[in-house]
Amino acid sequence: MAKPGIGELAGAFAAKAGSAGSKAVSGASSLGGVASSAGGAVKGAVWGAGAAAGSQVVNAIADPGFILFIAGLVTFFFRGFIDNITLTILLGTIFMFYSSIFIFKARGVVLTTLFWVWYIFYGSTLNPDILLYAMAPALFIGMAVHGLYSKLSKKGSFAGGSSGELIGLIPVLFFFLDLGLIALLQKTFFININPLVQNLILFTPWWAILGIFATKKENFLITLSKFVAIIYILSVLTFGVVPDAFNTAGSVLPGPQQFVDAQKQIEAQLPKAENPSYSNFACFWEVGFVGDVKGCVNNRQKSSALRSICTKKEFKEGTNEFNDCIREEQEKQKNQAYSVSGDIDPNIDKPTKATFTIDEKSISQFYTLGAYSITTDLKIDNPRNQPLTVVVNCTFKSKGSYKDVKGKIRGMDMEKNEIKVNGEYENSFDCEPTVKFEGERYDFEIIATLKDLNSKARLERAFVGNKTIKEIEELKKTQITQKIRDGKSKAPADLARINFDLGHVKEEIVIEDSPYKNILLRSNIQNIGSGKITAIKSYNIDLEGFSTDTDMDSIKPNCKTGPIENQFTAKQLEQRTIALPVCSITHMPPELKDPEEYLKLKWVPKTFVAEFTYDYQLTAKKSITIKE
Amino acid sequence: MKKIILILIIALFLVGCGSGYGQEAVSYNFKQGMGELKTTFLSNAPPDKLYPGSNFKMILQVENQQAYDALNGQITLVGLDGTYFKVQPNFRDFQELKGRSLLIPGGDKLYFEFDGNAYELFQNSIQYNNPYFVEIHYDSSLDFTDTVCINPNLYDTYDSGCKKKERSSYSGQGAPLAVTNMEQIVFPSGTGANVEFRLELANRGRGKVGYINLGSGKLGGKLITCEFKGKYLVDKRRVELKEKQQQTKVVCKTFLNDQRSYETPLSVDFTYDYGISEQHQLTMIR
């Protein structure tokens, strides 16, 4: 039996929709009738389908869940353009109260309101005075009022009404999810980023999901939307795998800025790959249901990530530079050193960080000789009290044919512009033009270079000596994995970090003494912050007692210490990941080679420490227009 | 008042007549159930939280709750990271730790001291947790004894003597290694009958049994032939148990000359080595 063609199926579908439409709206029905009496059955069906769709849209729009679905989708697609914390919170607040009032019929509105007041106004304080004497009685009264209302209006029991307040937690949860709860959890609990979490962070329109699944009305459009939502979520998730998480927790609720920052930071660290849902659909189309969909999706994701990296470097797609960039990135991914990754150390809660922000209120359109300046705030979190040198320079770059105007930092030596810092530091820098502006439009640029920053990373490995595979597996299962949870190096969430790996296979925690297995040391320096690494002054991986194949080589850079002169070009320093030399271990200390013999232990754990010193440049830019 | 005195006298009389602890101990069979070495660190040795640059002591109490002596014991601290902690010595040994008996009903105890130093935390870490393991390896023994009913007369089912039990189960013999089940099979052989005792040995403890050596088997004071059956045999009288196969079988057999049923003691003894690994943690805080 021949299968029906797409055209036939579409016709049948349209006819069915037409009949549904004629039932729903009489006007539509009469229109369909006129069309049909005019002799065109197909025409009638099309009219009917159109009318039906129209009526269903009208019908669906009356559903508060569907409104939230549409609004959630719109804000989700424009999220990339909303770079304002106030607007983000405002939208979150609107959606939270909307869902609480219209979707959950105000059943948990007291709890939602209390949460909002506590979170926004009291800054999520854990002050017992506020919690006990303001929030708790208000919640209690809210629950009691709700219970009484239910009882008196005969809409339910007192207990049912009062406990219904707990529904208010659902909008609160979605408020956090939308702000970036997953990203923050990831940052706080140091969950390794894997594709599932990445996809959840980047591609889930939380309010839209809540809206569509909270719709009360039933019609084809709503059912279709639900179906599409399920397919969308499945196609986003099927690309990922189950996350690995590990311990350590904080207890104080973070502020909205932290949520948004965490979300942005995670997004910034990830190359922007194609929406996996789109990849899935495109691959089904390309290779069909029986083809290698997984492989196709992976390829699309990889190539879109590479394109995103090169686009970020401001290369235009299709140009030779762009193609070279893609080739370079592909080569990098094959390089052993580039592929090493590290994690944030869960035990270090205060990393070295810096923010450099132009105070927009200080920007004036009107230039007055001697009175014009732009203020930029520099804040350095320096919890390890590193002795740093900060150099600040500013310029006004002309956007037209006029000359650039050099800036001068008020109160600083024009030649040096240097400040010595060895603790926490916060200061505002006033930049004034050294000469009068000739043009009108300039780009104000201020650069702070933090010199001699230092960051360390640690790596844990278990040395087992010469054992059988079974013995090693047994040791790993019963003891080693209790001590060493994963194979990545750990470093504080500083502006940059050194990632390193030592072992037979990348991220393998066990190192054996086997003549058939080599031990490689691979490392790189990764720029985590928003600025640039301008110099790597030293790097050192402490492998006391180990020898490597680069130790005797006086020409090649050493994998343990460096750099030698001109080891890093300016172009290399611009990369987010800077590869360090890879080498092979040729000798290791006897107690690690054979712990049973030397230490009377079946295995021995060892923590290696790597450190590097670098200069880091933070740039703040703003376009300005000058009027006399 | 008279009533109170009378009650007191009766109470004293009843207490005096009752069985005291001493008698209970005399009749108590230590070789039952499961017992193994129990380890505990004394309070604050080591402290729950250590500060960088501090010295500390670890005092380990090892208590033998078996009904047998623990011999040639070795205690090792495994998994301590030398970057953060130095513990010396990281292994200790003992010759003998007496098991539970009438003289030491609670089992013997030994204390082992380890001296430790906490070094520095990595960068400005809040804390560092170092899970580690206390491993104890020792040799011990196991005696299995039971009174069995032997009925060699296969045709006389109405023998007026004892009743043969084909299968018996046991909770243990006061050690981690235990005879858990025994089957008795009697079958004709020439003019008499053969009896076969099939013993199932299993590890009921938290640790791991390594090698088991079969000692002697006796039925009514007379030596009988016993041997291991199954996998991982080193020879007929020695077996090495694997991690996932902590059980084995022993078959003892002998020829029966008697014709009537009778009760007689069956005993089989073993020696084995045993290892326990317990997880602990050292925590250094800022």
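Accessible area, as I use the term here, comes from the Shrake-Rupley method with a 1.4 Å probe, and for residues only the protein chains shown count as cover. With that settled, I looked up chain B, which exposes about 15200 Å², 52% of it supplied by carbon and sulfur atoms.

**Ground rules.** I am working with a predicted model, in which local features need pLDDT of at least 70, side-chain atom pairs count only at pLDDT 80 or more, and totals for chains, interfaces and linings use all residues. Residues are numbered from 1 along each chain as its sequence is written, chains are lettered from A and ligands numbered from 1 in the order in which they are written, and side-chain values use heavy atoms, with hydrogens and water left out.

**Entry on the two chains.** For chain B I noted 2 helices and 16 strands, where helices (H or I, at least four residues) and strands (E, at least two) are DSSP runs numbered from the N terminus. Of its 286 residues, 43% count as buried, the term meaning under 20% relative accessible area, with exposed set at over 50% and partly exposed in between (1.4 Å probe, protein chains only). In chain A I found 21 helices and 18 strands, and 45% of the 628 residues there count as buried. Chain A exposes about 32900 Å², and carbon and sulfur atoms supply 60% of that area.

**Entry on the cores.** I then asked which residues have the most contacts inside the largest nonpolar core. A core of this kind is a set of buried Ala, Val, Leu, Ile, Met, Phe, Trp, Tyr and Cys residues joined through side-chain atoms within 4.5 Å. The largest has 66 residues, and those with the most contacts inside it are Phe356(A), Phe396(A), Phe429(A), Phe444(A), Ile446(A), Leu502(A) and Ile533(A). This core draws at least three residues from each of domain 4 (353-451 + 619-625) and domain 5 (453-614) of chain A, the bounds coming from an automatic or database domain assignment. A second, separate core of 65 residues includes Phe41(B), Ala67(B), Leu97(B) and Phe122(B).

Turning to Phe429(A), I left aside its neighbours within four places in sequence and found it in contact (heavy atoms within 4.5 Å) with residues including Phe356(A), Ile374(A), Val392(A), Met412(A) and Ile446(A).

**Entry on the aromatic rings.** A search of the whole structure gave me 25 aromatic pairs over all chains. Rings of Phe, Tyr and Trp (its six-membered ring) pair if their centres lie within 6.5 Å; planes under 30 degrees apart count as stacked, over 60 as edge-to-face and the rest as tilted. Phe174(A) and Trp206(A) are edge-to-face, because their ring centres are 6.4 Å apart and their planes stand at 70°. Phe174(A) lies in helix α9 (residues 169-179) and Trp206(A) in helix α12 (residues 206-213) of chain A, so the pair ties together parts that are 32 residues apart in sequence. Phe174(A) counts as buried at 13% relative accessibility, and Trp206(A) does so at 15%. As for α12(A) itself, 7 of its 8 residues are buried.

Phe546(A) and Phe608(A) form another edge-to-face pair, 5.6 Å centre to centre with 70° between the planes, and both residues are buried.

**Entry on charges over rings.** I count a charge as sitting over a ring if NZ of Lys or CZ of Arg is within 6 Å of the ring centre and within 35 degrees of the ring normal. Lys606(A) has its charged end over the ring of Phe608(A), 5.8 Å from the centre, while Arg238(B) lies over the face of Tyr211(B), at 4.1 Å from the ring centre.
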